[in-house]
Amino acid sequence: MQKFHTRYGTERQCESALFAARWHHGWQCAHCGCKRFFLTPNGHGRQLWECFICGY
């Protein structure tokens, strides 16, 4: 449990781990393939990665 808490103990650490697991080679838009994004809040306290070009 200590090892898990050390690795994923904060919201930022969990988010980083999920990002790395989902996008091994960096973020890429599933709709248009763009690699640029911006973060927006979703209204529930979580960040959304939105495509800079198409907004997907």
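Which residues lie nearest the centre of the largest pocket? The legends below take up this pocket together with the overall fold, the core and several individual residues of a predicted model.

**Figure 1. The largest pocket and its lining.** Glu15, Leu18, Arg46, Gln47 and Trp49 lie nearest the centre of the largest pocket, within a lining of 13 residues. The space in this pocket amounts to about 250 Å³. Helix α2 (11-22) and strand β2 (47-51) each contribute at least two lining residues. The largest share comes from α2, which provides six residues.

**Figure 2. Overall fold and dimensions of the chain.** Two helices and two strands make up the secondary structure, and they follow one another along the sequence in the pattern α-α-β-β. The C-alpha atoms occupy a box of roughly 40 × 25 × 10 Å along the principal axes. The chain has a radius of gyration of 13 Å, whereas a compact globule of 56 residues would have one near 10 Å. Of the contacts between residues at least 6 apart in sequence, 17% join residues at least 24 apart.

**Figure 3. Surface of the chain.** The accessible surface is about 4900 Å², and carbon and sulfur atoms account for 56% of it. Of the 56 residues in the chain, 11% are buried.

**Figure 4. The largest nonpolar core.** Five residues form this core: Trp23, Trp27, Cys29, Cys34 and Cys51.

Figure 5. Trp27 belongs to the loop between α2 and β1. Trp27 counts as buried because its relative accessible area is 7%, below the cut-off of 20%. Beyond the residues up to four places away in sequence, Trp27 touches Phe19, Cys34, Lys35, Arg36, Phe37, Trp49, Glu50 and Cys51. One of these contacts, Trp49, is also among the residues nearest the centre of the largest pocket.

**Figure 6. Leu39 in strand β1.** Leu39 is found in strand β1, which spans residues 37-41. With a relative accessibility of 42%, Leu39 is classed as partly exposed. Leaving aside neighbours within four places in sequence, Leu39 is in contact with Gln47, Leu48 and Trp49. A separation of 12 Å lies between the C-alpha atoms of Leu39 and Trp27, which are 12 residues apart along the chain.

**Figure 7. Gln13 in helix α2.** Gln13 is located in helix α2 and is partly exposed, with a relative accessible area of 29%. When residues up to four places away in sequence are left out, Gln13 touches His5, Thr6, Arg7 and Tyr8. Between Gln13 and Leu39, 26 residues apart along the chain, the C-alpha atoms are separated by 17 Å.

**Figure 8. His25 in the loop between α2 and β1.** His25 is placed in the loop that links α2 to β1 (37-41). Trp27 is found in the loop between these elements as well. His25 counts as exposed because its relative accessibility is 78%, over the cut-off of 50%. The buried Trp27, in contrast, has a relative accessible area of 7%. The C-alpha atoms of His25 and Thr40 are separated by 21 Å, and these residues lie 15 residues apart along the chain.

How values were computed. Residues numbered from 1 in each chain as written. Predicted model: local features only at pLDDT ≥ 70, side-chain atom pairs only at ≥ 80, totals over all residues. Heavy atoms only, no water. Core = buried A, V, L, I, M, F, W, Y, C linked by side-chain atoms within 4.5 Å. Buried < 20%, exposed > 50% of the residue type's maximum accessible area, 1.4 Å probe, protein only. Helix = DSSP H or I, 4+ residues; strand = E, 2+ residues; numbered from the N terminus. Rg over C-alpha atoms; globule rule 2.2 N^0.38 Å. Contact = heavy atoms within 4.5 Å. Areas by Shrake-Rupley, 256 points an atom, 1.4 Å probe, with all protein chains shown as cover. 1 Å grid on protein atoms, 1.4 Å probe; cavity = no way out; pocket = protein on both sides within 12 Å on 5 of 7 lines; lining within 4 Å. Points joined across faces, edges and corners; volume = space filled by probe spheres on them.
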